[in-house]
Amino acid sequence: MDLTEIQVFLALSEELHFGRTAQRMRLSQSRVSQLIRSLERRIGAPLFLRTSRRVELTPLGEHTRRTFGAAYEGLRKSYDEACAIAQGMDGPLRIGFLGCLNGPPLTGTVVRFGRRHPACDVTVVEVPWRDPYGPLRGGEIDVLFTLLPVDEPDLKVGRVLVSHRRVLAVGLDHPLAGRSAVDIEDLAESVLLDGPDELPDVLRHGFCPPFTPLGRPLRRGRGGRTYQESLHLVATGEMVWTTHAGLFHSYRHPGVVYRPLSGLPPANGALVWRTEAENAKIRAFTLLAAQSTAPRSASA
């Protein structure tokens with residue numbers, strides 16, 4: 001049996017119009033008619049009733065549409081799965097993310113990737129702020145959606161997918177809580193939350209610089225192994241936190257407010273993966289994210 005006959009039959013059973021079917025299949029109308037007649041000869045009875053005004057399925061044609069449709073979908077799925085296996089686009093793909101980057105654009109990319117590559121089993125897990133690269137290097141995840149900057153020789157960094165404006169998290173009773181906005185130069189008398197000990201220094205200094213742009217030293221205090229622990233420390237008034245607007249989309253504390261912070265670059269997020277572990281699935285996922293996602297800016 002000619003597979004083209006099946007494809008044309010299924011298209012005509014949907015369109016019920018020889019001209020539209022020919023256009024859809026990129027065939028001539030006479031070729032569509034020829035293929036339908038050939039299929040009807042093979043089966044031994046008409047599948048369509050044709051008049052000058054309309055085309056209808058016969059009862060046999062309706063039965064054939066149901067059975068051929070299910071069989072064709074199964075065949076196409078098997079073919080797609082075989083292609084995916086041959087191209088390395090099957091099996092698990094594990095995506096990690098920092099909790100402060102939850103939501104778009106990661107969610108949209110995961111959904112689109114799953115539709116485009118159904119043979120891949122995509123899972124998404126949150127990674128700890130105190131050790132963002134550990135799960136990646138330990139083989140627990142394949143790709144990480146993390147904050148920049150990243151300066152790790154074994155890791156490859158994709159394009160910026162999200163850009164959040166900087167904010168200062170302060171306790172309700174802190175003097176800066178009464179400000180409508182804060183500049184980094186205003187923080188010389190405060191203690192800045194420095195984050196957990198395990199945090200890479202490049203990332204730490206990107207969010208909590210040792211000096212202001214005018215060279216004034218900034219005092220730093222370690223602590224906060226999780227985002228919620230960090231907000232607790234801010235709520236007590238011990239420290240302030242130079243964080244970003246995206247954090248407050250997912251995390252809140254009743255004793256903490258945030259104020260726009262000038263003088264620091266935006267907080268950018270990107271996909272990161274191990275260079276030596278790069279494969280077809282990782283390349284496809286990161287390329288899809290780069291192609292379909294313009295950098296997003298968040299407002300607090």
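Reader: How do the axes of helix H1 and H3 lie relative to each other?

Author: Two packed helices are described by the angle between their axes and the distance between the axes. In this predicted model, the axes of helix H1 (residues 3–15) and H3 come within 9 Å, with a crossing angle of roughly 105°. H1 and H3 are therefore roughly perpendicular to each other.

Reader: Which residues of H1 and H3 meet?

Author: From H1 come Thr-4, Glu-5, Ile-6, Val-8, Phe-9 and Leu-12, and from H3 come Val-32, Leu-35, Ile-36, Ser-38, Leu-39 and Arg-42. Sorted by class, this contact holds 8 nonpolar, 2 polar and 2 charged residues.

Reader: At what angle do helix H2 and helix H3 cross?

Author: The axes of H2 (residues 18–25) and H3 (residues 29–43) cross at roughly 100° and come within 8 Å. H2 and H3 are therefore roughly perpendicular to each other. On the H2 side the contact is made by Phe-18, Gly-19, Thr-21 and Ala-22, and on the H3 side by Gln-29, Val-32, Ser-33 and Ile-36. Their classes are 4 nonpolar, 4 polar and no charged.

Reader: Which residues touch the most other members of the largest nonpolar core?

Author: In soluble globular proteins, nonpolar side chains tend to be buried together. Here the largest nonpolar core has 50 residues, and Phe-145, Leu-147, Tyr-227, Trp-241, Leu-271 and Phe-285 touch the most other members. Strand S13 (residues 267–274) gives the most to this core, with 5 residues. Leaving aside residues up to four places away in sequence, the residues that Leu-147 touches include Leu-98, Leu-203, Phe-207 and Ala-267. There is also a second, separate core of 17 residues, and Val-32, Ile-36, Phe-48 and Val-55 are among them.

Reader: Which residues of helix H5 are buried, and where do they sit around the axis?

Author: The way to read this is to list the buried residues, then look down the helix. In H5 (residues 106–116), Leu-106, Thr-109, Val-110 and Phe-113 are buried. They cover an arc of only 100° around the axis, which puts them on the same side of H5. The buried residues of H5 pack against S3, strand S4 (120–127), strand S5 (143–147) and helix H10 (280–292).

Reader: What about the buried residues of H8?

Author: Those are Tyr-227, Ser-230, Leu-231, Leu-233 and Val-234. Viewed down the axis of H8, they fall within an arc of 160°, so they line one face of the helix. Their packing partners include strand S3 (91–98), strand S11 (241–244), helix H9 (247–250) and strand S12 (256–262). Just after H8, Gly-237 has a positive phi of about 90°.

Reader: Is Leu-231 buried or exposed?

Author: Leu-231, in helix H8 (residues 227–235), has 0% relative accessibility and so counts as buried. Not counting residues up to four places away in sequence, Leu-231 touches Trp-241, Phe-248, Tyr-251, Arg-252, His-253 and Val-256. Leu-231 and Val-256 are 25 residues apart in sequence, and their C-alpha atoms are 6.9 Å apart in space.

Reader: Where is Gly-139?

Author: Gly-139 lies in the loop between helix H6 (134–137) and S5. With 29% relative accessibility, Gly-139 counts as partly exposed, because that class runs between the 20% and 50% limits. Gly-139 and Ala-277 are 138 residues apart in sequence and 9.2 Å apart in space, C-alpha to C-alpha.

Terms used: Residues are numbered from 1 along each chain as its sequence is written. This is a predicted model: local features need pLDDT of at least 70, side-chain atom pairs count only at pLDDT 80 or more; totals for chains, interfaces and linings use all residues. Side-chain values use heavy atoms; hydrogens and water are left out. Axes are lines fitted to C-alpha atoms, for helices over the stretch in contact, and angles run from 0 to 180 degrees between N-to-C directions. Helices (H or I, at least four residues) and strands (E, at least two) are DSSP runs, numbered from the N terminus. Angles under 35 degrees count as roughly parallel, over 145 as roughly antiparallel, 65 to 115 as roughly perpendicular and the rest as oblique. Contact means heavy atoms within 4.5 Å. Ala, Val, Leu, Ile, Met, Phe, Trp, Tyr, Cys and Pro count as nonpolar, Asp, Glu, Lys and Arg as charged, and the others, Gly among them, as polar. A nonpolar core is a set of buried Ala, Val, Leu, Ile, Met, Phe, Trp, Tyr and Cys residues joined through side-chain atoms within 4.5 Å. Buried means under 20% relative accessible area, exposed over 50%, partly exposed in between (1.4 Å probe, protein chains only). The arc is that of the directions from the helix axis to the C-beta atoms.
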